[in-house]
Every structure is written in C-alpha cells, then in structure tokens.
Amino acid sequence: MKSSILILVFCGVASTLIAQQPKDSTVVDNRYREDQFYFSLTYNLLGKIPDGLKQSGFSTGVHFGAIRDMPINERRNKAIGIGLGLSTNSYNQNILISQDADGAYMYQVINESEITVKRNKFTTYAIEAPLQYRWRTSTAREYKFWRIYTGLKLGYVFYDTSKFGGSIADIKIKNNNDFEKFQYGLTLSAGYSTWNFHVYYGLNSIFKESAQLNGKVIDMNSIKVGLMFYVL
C-alpha cells in the first residue's frame, strides 16, 4: 500500500513538472544548461546475499535533488554534473535484527515455519552527491533528446531504522551502529525525453564488518533499478 502511494505521488509530481517545462522560445540561449533537478523511483535489490537470505515484497527507493550542469565543449552536448540530494531506501527481507541484554546487535535468518512475520525491513536515509559525465543530443531549442549519463554517487546515511512485526514481538531499532555510514556506487541513466532507465550498483557493503550472520560478515551491497526523471 505504501509503495503504491509513493508511486502515485511520484507520478503526480512528475506530471506537474513536465507541464511546466518550456516548449519553445524565440530567444536562443547559447549558454544553456540541462537537467538541473532529478527525481527517481527505484526497486532495490540486495547483492552478495548470505546463505538463507531472501527478499520479499517490493523494496523501494526514492531519490531527489539538484545537479549543477557544466558543459565542457562548444556544442554543450557534453558536460560534467555535480549534485546534492536526499535518498530513502527500504529493503524487505528475512533477516531479523535485534539486540541482546547488553545492547549488542544480533542478526538471524527468520525461520518462517516457527515465526509468523507481518513485516520485516530495514530503511536508510541518506544525503547523496552524484558526480556524472553527461552526453546528450540536446540543443538550445530542443527539449526532447537522447541522453546517457554515467558516473559515481556518494552517500552519507544520517538515519536508519529496522522494523519487525510478528508472532514473537514487535521490534524497532533506530540508528544501528552496524550500518555503514558512507555509501558509494556506480550509476547509469539513459533514455529519451522525460523518462529514463536508471541503475545504481553499490561498490561497498551496506553493513560494517561488525554485523555478522552465523559467524560471517554480512557483506551485502545495494543494487537499484528504476526510472529517473530530469527537469530544468
């Protein structure tokens, strides 16, 4: 239900912004810049998963921010983009995160034959800074064009939660020290006009080495696949 609401809100905002984009102008701006705001909705996957882990439901990511577009050639179809934004990412899966009497974090794969699960997910909230090399077929008059943007995205997780609801208890943990605060990964956005395919591949783990499952480090990374919307 929450995922459906996010999608509806996202599409509504996108439609409004599309309507506000300029269609034509008698004034040609030879110093134009492109794609200075972005919105993205992604489906989040977990890579390098440990034995027994599986995802369930729809794990979503919502990302938005601004990018400074800096053309690097005379035609202005090549540029460097540096941005700043916010991101929230949830992951529905079957690892129970809890704490012992001393406050230490514990991780175990949920045995669903013994434990009834209503919900189980962890969510991170991050400040993100995309760095892109940008190629497009735009001109000073053309607002619909092909683009390929590739680069690196840096992130700092400033808040996180894990929530479990089921037959054994309701467990909620905030600001788990085992989450890796700094996240970074490769990005690619490609498409035509408003909507573009977008993928992110995390180069480091979501958790620190202190997070262990059955005596082994939980070395999972994040993979995000979805749509990217750009607007001037």
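**Charges and rings in a predicted model**

Author: Welcome! This is a predicted model, and we can start with Lys118, which lies in strand β6.

Reader: Is Lys118 buried or exposed?

Author: Residues count as exposed when their relative accessible area is over 50%. Lys118 has a relative accessible area of 72%, so Lys118 is exposed.

Reader: Which residues gather with Lys118 in a patch of positive charge, and which elements give two or more residues to the patch?

Author: The patch lies on the surface, where Lys118 gathers with Arg119, Lys172 and Lys174. Two or more residues come from each of these elements: β6 (117–136) and β8 (170–174).

Reader: Let's turn to the rings. How many aromatic pairs does a search of the whole structure find?

Author: A pair of aromatic rings is described by the distance of the centres and the angle of the planes. Searching the whole structure gives a total of 12 aromatic pairs.

Reader: How many residues apart in sequence are the parts that Phe39 and Phe229 tie together?

Author: Phe39 and Phe229 form a tilted pair, 6.3 Å centre to centre with 40° between the planes. Phe39 belongs to strand β1 and Phe229 to strand β13, so their pair ties together parts whose separation in sequence is 190 residues.

Reader: Is Phe229 buried or exposed?

Author: Buried means under 20% relative accessible area. Phe229 has a value of 0%, so Phe229 is buried.

Reader: What is the angle between the planes of Trp195 and Phe229?

Author: The ring centres of Trp195 and Phe229 are 5.5 Å apart. This pair is tilted because its planes stand at 45°.

How values were computed:
Residues are numbered from 1 along each chain as its sequence is written. This is a predicted model: local features need pLDDT of at least 70, side-chain atom pairs count only at pLDDT 80 or more; totals for chains, interfaces and linings use all residues. Side-chain values use heavy atoms; hydrogens and water are left out. Patches are made of residues with over 30% relative accessible area and no salt bridge: like charges are joined within 9 Å, nonpolar side chains (Val, Leu, Ile, Met, Phe, Trp, Tyr) within 5 Å. Accessible areas come from the Shrake-Rupley method with a 1.4 Å probe; for residues, only the protein chains shown count as cover. A salt bridge is a side-chain nitrogen of Lys or Arg within 4 Å of a carboxyl oxygen of Asp or Glu. Lys and Arg count as positive and Asp and Glu as negative; His and the chain ends are not counted. The place of a charge is taken as NZ of Lys, CZ of Arg, CG of Asp or CD of Glu. Helices (H or I, at least four residues) and strands (E, at least two) are DSSP runs, numbered from the N terminus. Buried means under 20% relative accessible area, exposed over 50%, partly exposed in between (1.4 Å probe, protein chains only). Rings of Phe, Tyr and Trp (its six-membered ring) pair if their centres lie within 6.5 Å; planes under 30 degrees apart count as stacked, over 60 as edge-to-face and the rest as tilted.
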